[in-house]
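The questions and answers here set values against them.

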Amino acid sequence: MQHATLTLDGQTIELPIVEGTEDETGIDVTALRKETGTITLDPGYGNTGSCESHITYIDGENGVLRHRGYPIEDLAQRASFVEVCYLLIYGELPTSTELDEFKHRLTYHSLLHEDMKKFFEGYPATAHPMGVLSAMVSSLSAYYPHAEDDEAVDLNIIRLLAKLKTIAAFSYKRSIGQAYIYPKNSNSYTADFLHMMFAVPSEDYDVPQEVEEALEMLLILHADHEQNCSASTVRMVGSSGANLFASISAGINALSGPLHGGANQEVIRMLEAIQEDGGDAQKYIDKAKDKEDPFRLMGFGHRVYKNFDPRARIIKSTADRVLENLGVDDPLLDIAKTLEEAALEEDYFAERRLYPNVDFYSGILYRAMGIPTDMYTVMFAMGRLPGWIAQWKEMRSDPATRIYRPRQVYQGATERSYQPIEER
Ligand code: ACO
């Protein structure tokens with residue numbers, strides 16, 4: 001086995017190197033503090049591996065993303081979202097019997113307990129749906145108690161996957177004051193979500209096939225992304241032994257931030273602002289380059305990808321076709337393309353290796369499907385759910401898992417005596 005040698009104040013120690021299946025390497029510092037009294041310091045964890053994982057492989061330098069070995073391009077083109085859920089959670093693509101059984105379970109667990117409908121009424125109609133989603137997922141633990149054995153845990157996994165789309169659609173219906181539309185068992189997973197979002201009791205509603213196909217692709221593209229902010233949050237909360245619903249609810253909150261999943265709605269706001277301001281993309285590129293200006297190009301840059309995000313490449317290449325099929329002519333797509341082209345020509349973006357990420361074009365497709373801006377990050381959460389579940393499940397079954405508990409280098413005041421208030 002390879003080792004790294006560390007010399008610290010004259011003491012030399014050997015640290016084992018862990019090798020991954022794609023030749024990635026990590027220096028195992030588990031014994032560092034015990035042997036030297038010191039720790040590693042890595043704000044933002046850019047150089048820290050928190051686990052060994054079998055789920056997702058990313059090569060950010062070359063724009064590669066694979067789930068359980070399967071390239072994202074293949075999955076987006078050939079698999080269904082439910083198949084990808086199965087692959088991520090159980091490790092292999094399902095046989096047709098396994099897929100039928102899985103679909104059946106997802107269909108028959110999609111109803112919410114009727115009491116839970118009252119919760120939606122307690123939120124203001126203006127509530128952001130991500131807040132409602134995380135609270136409702138957390139509330140599921142009140143209905144489906146903490147599970148220990150694998151079979152009971154698996155049932156909770158199915159319940160969560162099945163019910164998330166119902167929760168998401170109900171929160172939208174509540175926000176526009178319409179009646180809730182219940183799940184329909186003959187629908188596919190994706191079509192059922194669209195049906196619950198857009199059907200009204202007074203009319204028949206057929207889910208447009210183009211919309212269903214576009215949504216399948218978008219959900220697959222968001223399905224997992226290894227140890228990102230929300231997946232790490234799910235693992236961190238779960239490492240304390242917290243239940244599935246509590247852990248995923250925490251992941252939803254992590255996703256809501258504008259530097260993470262919340263970026264997709266911010267991209268559309270930014271493109272609308274550029275449009276209202278006369279469509280001058282260069283003005284906004286100059287703002288993004290200006291260190292005195294806090295403005296960033298939303299949907300640009302990524303901690304891991306230092307090349308084109310392969311998910312953005314897939315969305316961009318299908319956006320024109322999807323919009324055409326849906327009969328939508330969206331000027332924001334033209335602004336996005338101009339902005340991207342102009343940004344990629346600038347040294348500022350080239351030097352920092354900033355490229356469009358998955359969020360840059362996804363909002364344009366959601367918009368074309370009639371999904372309101374506030375719901376974009378909820379769509380991301382629906383897509384990411386199987387990834388979070390897979391990460392949580394792997395964390396739970398990995399014998400190397402300990403409670404997540406980073407350390408710090410303390411920089412505060414050294415010891416001093418308490419001063420009575422009159423002496424301060
Ligand atoms: N616009 C302008 N400059 C940027 C941008 C951007 N979108 N992103 C990074 N930079 C610059 C930074 O100012 C910094 O410049 P400096 O070295 O001169 O100080 C350099 O590029 C590196 O940026 P960091 O913030 O250090 O990179 P980090 O890896 O910490 O952040 C992040 C990655 C959060 C994605 C960042 O690129 C960003 O804020 N992007 C916009 C928000 C966004 O699209 N988020 C979605 C991410 S993908 C996802 O969650 C699905």
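This is a predicted model: local features need pLDDT of at least 70, side-chain atom pairs count only at pLDDT 80 or more; totals for chains, interfaces and linings use all residues.

Local features need pLDDT of at least 70 and side-chain atom pairs count only at pLDDT 80 or more, while totals for chains, interfaces and linings use all residues. Residues are numbered from 1 along each chain as its sequence is written, and side-chain values use heavy atoms, with hydrogens and water left out.

Q: Why are H12 and H15 called roughly perpendicular to each other?
A: Helix H12 (residues 263-276) and helix H15 (residues 331-344) pack at an angle of about 95°. Angles of 65 to 115 degrees count as roughly perpendicular, so H12 and H15 are roughly perpendicular to each other.

Q: Which residues in H12 and H15 meet?
A: Ile268, Met270, Leu271, Glu272, Ile274 and Gln275 in H12 meet Pro331, Leu332, Ile335, Ala336 and Leu339 in H15; contact means heavy atoms within 4.5 Å. The residues of this contact divide into nine nonpolar, one polar and one charged.

Q: Which backbone atoms lie 3.0 Å and 2.7 Å from a nitrogen atom of the ligand?
A: A polar backbone atom of Leu259 is at 3.0 Å, and one of Leu297 is at 2.7 Å.

Q: How much of the ligand does the protein bury?
A: Taken alone the ligand exposes 920 Å², and the protein buries 75% of that (Shrake-Rupley method, 1.4 Å probe).

Note on methods:
A polar contact is a pair of N or O atoms within 3.5 Å; within protein, one must be able to donate a hydrogen and the other to accept it, and residues adjacent in sequence count only if both atoms are side-chain atoms. Axes are lines fitted to C-alpha atoms, for helices over the stretch in contact, and angles run from 0 to 180 degrees between N-to-C directions. Helices (H or I, at least four residues) and strands (E, at least two) are DSSP runs, numbered from the N terminus. Angles under 35 degrees count as roughly parallel, over 145 as roughly antiparallel, 65 to 115 as roughly perpendicular and the rest as oblique. Ala, Val, Leu, Ile, Met, Phe, Trp, Tyr, Cys and Pro count as nonpolar, Asp, Glu, Lys and Arg as charged, and the others, Gly among them, as polar.
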